[in-house]
Amino acid sequence: AVTGGRDPVVAVIEGEGGLADYGVAWRPLHRLLRDFGLDCHLGEITDLSFGNGRVLFRGTPVDVVYRVFEVDQVVDHPEGLLLTERLLAAHEEGSVVVWTPLETEVYRQKACMTLLSDPRLGVRLSAEERELIDRVLPWTRSLGEPDLFDECVARRERLILKPNDAYSGRGIIAGWEVGEREWLRALRDGAETGAIVQERVVPRHEPVVDPVTGRVEPWEACWGLYYTPGGYAGGGCRFQKVGQVDIRALGPGTKTKVAGVFTYPDAAEGDGR
């Protein structure tokens, strides 16, 4: 609707100063989109301007803004906040498409999982849906519940605390790795800043080829599968050696390895895994 049928001009947009920290992640995406023939640009929210009813990237009209900045990157910057408000208004008016809109930020809050896990919250689920959730989602509760505190203290060695809006292992406290005093402080801080507690999951061992030795050894894996409205869209996996406790996904000093997921045809004709 925006382009009239031609290929869109795309701008991959970070928050102000964001490319210094996250450019290493977005530059390959930028190159990939360009390799597919799209007129694609990479920059920050302050590279945008508005004129003649269009959103401009350094003076060039764009049709799609691929948003890779988060809410907290713009709310604390007056210029970035104003530009974001104008960008969202242009999206509503139909002069540009923002992919993805800020509403999606709601669903990355870990507290959303409590809506599925806690039957007291009144989410209407069928018996089959409840069975599925109980099978794949660990027991999850919000630290905003005052009657939960004593239970969390008593179950320290079976629980893990996770901030609502953090990622890549940031701010996570494993109850079985800390003492009672540190756990109590973490619970109090989490109740104030927003956090959940989850039942500890003991991962099964996966056979992994050690990239250094070439030997097959048992590692622990955290699988990530991605779905879009079109169905399965790929996956990834984080690995660490058995007994090597390192919750962080990425970052300096982490011992966690990252791997892709490959699909292959199964023995049954037409089946794929």
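Analyst: Glu199 is buried, at a relative accessible area of 19% (buried is under 20%, exposed over 50%, partly exposed in between, with a 1.4 Å probe and protein chains only). This is a predicted model, in which local features need pLDDT of at least 70 and side-chain atom pairs 80 or more, while totals for chains, interfaces and linings use all residues. Residues are numbered from 1 along each chain as its sequence is written, and side-chain values use heavy atoms, without hydrogens or water.

Glu199 pairs with Arg158 in a salt bridge, 3.2 Å from N to O (a side-chain nitrogen of Lys or Arg within 4 Å of a carboxyl oxygen of Asp or Glu). The partners come from distant parts of the chain, 41 residues apart. Arg158 sits in the loop between α6 and β9 (159–163), while Glu199 belongs to strand β11 (residues 195–199). Helices (H or I, at least four residues) and strands (E, at least two) are DSSP runs, numbered from the N terminus. Arg158 is partly exposed, at 47% relative accessible area. Elsewhere, shared partners join Arg67, Glu70, Glu105 and Arg108 into one salt-bridge network.

How many salt bridges does the structure hold? The count is 17. One of them joins Arg108 and Glu70, with the closest N and O atoms 3.3 Å apart. This pair also links distant parts of the chain. Arg108 lies in the loop between β7 and α4, Glu70 in the loop between β6 and α2, and 38 residues separate them. Arg108 is partly exposed, with a relative accessible area of 28%.

Next come Asp147 and Arg120. Their side chains form a salt bridge of 3.8 Å, N to O. Asp147 is in the loop between β8 (140–142) and α6 (149–154), and Arg120 is in the loop between α4 and α5 (127–136), so the pair ties together parts 27 residues apart in sequence. Both Asp147 and Arg120 are exposed.

Now the surroundings of these loops. The loop between β7 (97–99) and α4 holds Thr100. The peptide bond into Thr100 from Trp99 is cis, with omega near 0°. Helix α4 itself (residues 112–117) contains Leu115. Leu115 is partly exposed, at 42% relative accessible area.

Backbone angles are worth a look too. Asn52 has a positive phi near 55°, in a residue other than glycine. Asn52 is in the loop between β3 (48–51) and β4 (54–57), and counts as exposed at 84% relative accessibility. Arg58 is another such non-glycine residue, its positive phi being near 50°. Arg58 lies in the loop between β4 and β5 (60–62), and is exposed at 57% relative accessible area.

Helix α1 has its own buried set: Gly18, Leu19, Gly23, Leu29, His30 and Leu33.

Last, the cysteines. The structure holds zero disulfides (a disulfide is a pair of cysteine sulfur atoms within 2.5 Å). The sulfur of Cys222 has its closest cysteine sulfur in Cys237, 6.9 Å away, which is too far for a bond. Cys222 is partly exposed, with a relative accessible area of 37%. Cys40, by contrast, is buried at 0%.
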